Amino acid sequence: MKRETKKFVMQELNDYVFSCEELKKLYLEMETAKKAPAGKYSNRQLEFMETRIKHLERIVVTVEAMSLMLSKDLYAVFHEKFIVKPQKSDREIYTELFISERKFYLDLHTICEMVARRLGMK
């Protein structure tokens with residue numbers, strides 16, 4: 001996997017929880033915009049919201065689908081690294097999960113590859 005691709009995927013995984021929250025807020029704002037009087041929201045604002053919703057939906061759906069396909073060990077790494085907030089350090093995570101540092105980073109790489117494949121980036 002290319003370095004840039006892995007960097008992008010890791011960033012999206014790190015932002016997954018925040019992406020879910022932002023998506024909920026944007027859904028509510030779009031509902032408000034549909035009911036708002038004409039002129040309150042510009043076409044540019046509506047287009048931006050629609051584009052952002054499409055991007056976030058793609059990421060959230062991909063990560064959720066990938067998380068369902070993970071083995072128990074991979075899911076534990078995924079959950080501790082990307083879901084639990086505040087985020088722990090890598091060392092704390094692999095110590096807590098009783099796995100080696102090497103296996104931890106191999107599992108992260110596997111998770112990144114799965115997401116990249118589902119996004120069509122690999």
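Student: Does Asp107 count as buried or exposed, and at what relative accessibility?

Tutor: Asp107 counts as buried because its relative accessibility is 8%; buried means under 20% relative accessible area, exposed over 50%, and partly exposed in between, with a 1.4 Å probe and protein chains only. This is a predicted model, in which local features need pLDDT of at least 70 and side-chain atom pairs count only at pLDDT 80 or more, while totals for chains, interfaces and linings use all residues. Residues are numbered from 1 along each chain as its sequence is written, and side-chain values use heavy atoms, with hydrogens and water left out.

Asp107 lies in helix H6, residues 101-119; helices are DSSP runs of H or I with at least four residues, strands are runs of E with at least two, and both are numbered from the N terminus. Leaving aside residues up to four places away in sequence, Asp107 touches Leu74, Val77 and Ile99, where contact means heavy atoms within 4.5 Å.

H6 is also among the elements that cover the buried residues of H3. The others named there include helix H1 (3-14), helix H2 (16-35) and helix H4 (72-83). H3 itself runs over residues 43-69 and holds Ser67. Ser67 counts as buried because its relative accessibility is 15%. Not counting residues up to four places away in sequence, Ser67 is in touch with Tyr75 and Phe78. Other buried residues of H3 include Met49, Ile53, Leu56, Ile59 and Val60, as well as Thr62, Val63, Ala65 and Met66. The 27 residues of H3 should span 39 Å at 1.5 Å a residue, which agrees with end C-alpha atoms 39 Å apart; the expected span is 1.5 Å times one less than the number of residues.

Now the whole chain. The protein chain has 6 helices and 0 strands, in the order α-α-α-α-α-α along the sequence. Of its 122 residues, 37% are buried. Among contacts with a separation of 6 or more, 67% come from residues 24 or more positions apart. The C-alpha atoms fill a box of roughly 60 × 30 × 20 Å along the principal axes. The chain has a radius of gyration of 17 Å, whereas a compact globule of 122 residues would be near 14 Å; the radius is taken over C-alpha atoms, and the globule rule is 2.2 Å times the number of residues to the power 0.38.
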